[in-house]
Amino acid sequence: MQNSHYFKVAEHNVCINLIGLDDELLSLLPSFLPFILSDRPDELLFELDVLANLEPVTGGELIRECVTGNGYTVVYKFDDGSYQYIIKDIKKNDCCMLITNSDFSKCKCVIYGDKSQRSFGLNNALMLIYAFAGSYHDTLLIHASCPINNGYAYPFIAQSGTGKSTHSSLWLKNIPDTELLNDDNPVVRVLDGTPYVFGSPWSGKTPCYRNKSAKLGAITRISRADRNYVEKHAAVQAFASFLPSCSSMKWDKTIYKNICDTIVKIIGIVPVYTMHCLPDDEAAHVCYNEISR
């Protein structure tokens, strides 16, 4: 028994096949509902088979165990460039085993545990696949909170806990005609030489899953300070500021080069800033007045 489901995220089509499972996919992935397609599209970014059973592949090189903030991911790489990932929750329970080909276009996985754990594992597998398959198509999955104003998107980047969401909320409160596109993992994609930001099915703790896009206006790193001021970066600083916010694998030379090349394209078109700020209303006005010029 196979149930196939199709979705469009940032104009990329994806397919998820449930094979031999009784699960209702959207009960595991409710945030994907705004992105659903009714029919199979002609082209796919990737196809993921979710199987009832899947044997692990042996003989791979253990790359590392990554701490993801809400769990752990153990990475194995094989001589043909394929990967195996073990995705664990914060208690280190196995939630998903994912096996991919080298460009992440064909993947298969098995999910474990209760419904919450299965949902966690599948969501994280899909984020991972999307980020690395997308790298071949001028597409970045970034860690950011992103409001929209006047037809432009302004993603705020920073380490977790620095205040990205706080600064977005200050824009929503103080800057007229501002709305939230995504609060944790928007997608940046270059189309016909123009960078756009898209909503995604992944938005962290804030349920903001919007199938919407806007032109990228500026990229702004949030940095806590004792006063509010904006610093514009030259190219090298801009690259160094933006790169850590992009989902990447430094050990995979092809994917890492793809991501770096896309960043270079983006920072050649839009400015990158650091907003040194307090968590106050004035910060929103200072930031908006500078970066929205």
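Two strands count as paired if DSSP finds at least two bridges between them; strands (E, at least two residues) and helices (H or I, at least four) are DSSP runs numbered from the N terminus. This is a predicted model, in which local features need pLDDT of at least 70, side-chain atom pairs count only at pLDDT 80 or more, and totals for chains, interfaces and linings use all residues. Residues are numbered from 1 along each chain as its sequence is written, and side-chain values use heavy atoms, with hydrogens and water left out.

Q: How many bridges join strand β18 to strand β20?
A: Strand β18 covers residues 219-224 and strand β20 covers residues 272-277. The two run parallel, and the number of bridges joining them is six.

Q: Which residue in β20 is the bridge partner of Ile222?
A: Strand β18, residues 219-224, is joined by bridges to β20, residues 272-277. The partner of Ile222 in β20 is Met275.

Q: Which strands are the edge strands of the open sheet?
A: The sheet has four strands in the order β13-β18-β20-β19, with mixed pairing. An edge strand here pairs on one side only. The edge strands are β13 (156-157) and β19 (229-232).

Q: What angle does the direction of helix α6 make with that of β20?
A: Helix α6 (residues 281-291) packs on the sheet, touching β13, β18, β19 and β20; contact means heavy atoms within 4.5 Å. Axes are lines fitted to C-alpha atoms, for helices over the stretch in contact, and angles run from 0 to 180 degrees between N-to-C directions. The angle is about 160°.

Q: How many disulfides does the structure hold?
A: A disulfide is a pair of cysteine sulfur atoms within 2.5 Å. The sulfur of Cys109 is 4.1 Å from its closest cysteine sulfur, in Cys96, so that pair is too far for a bond. For Cys287 the closest is in Cys277, 7.6 Å away, also too far. The number of disulfides is zero.
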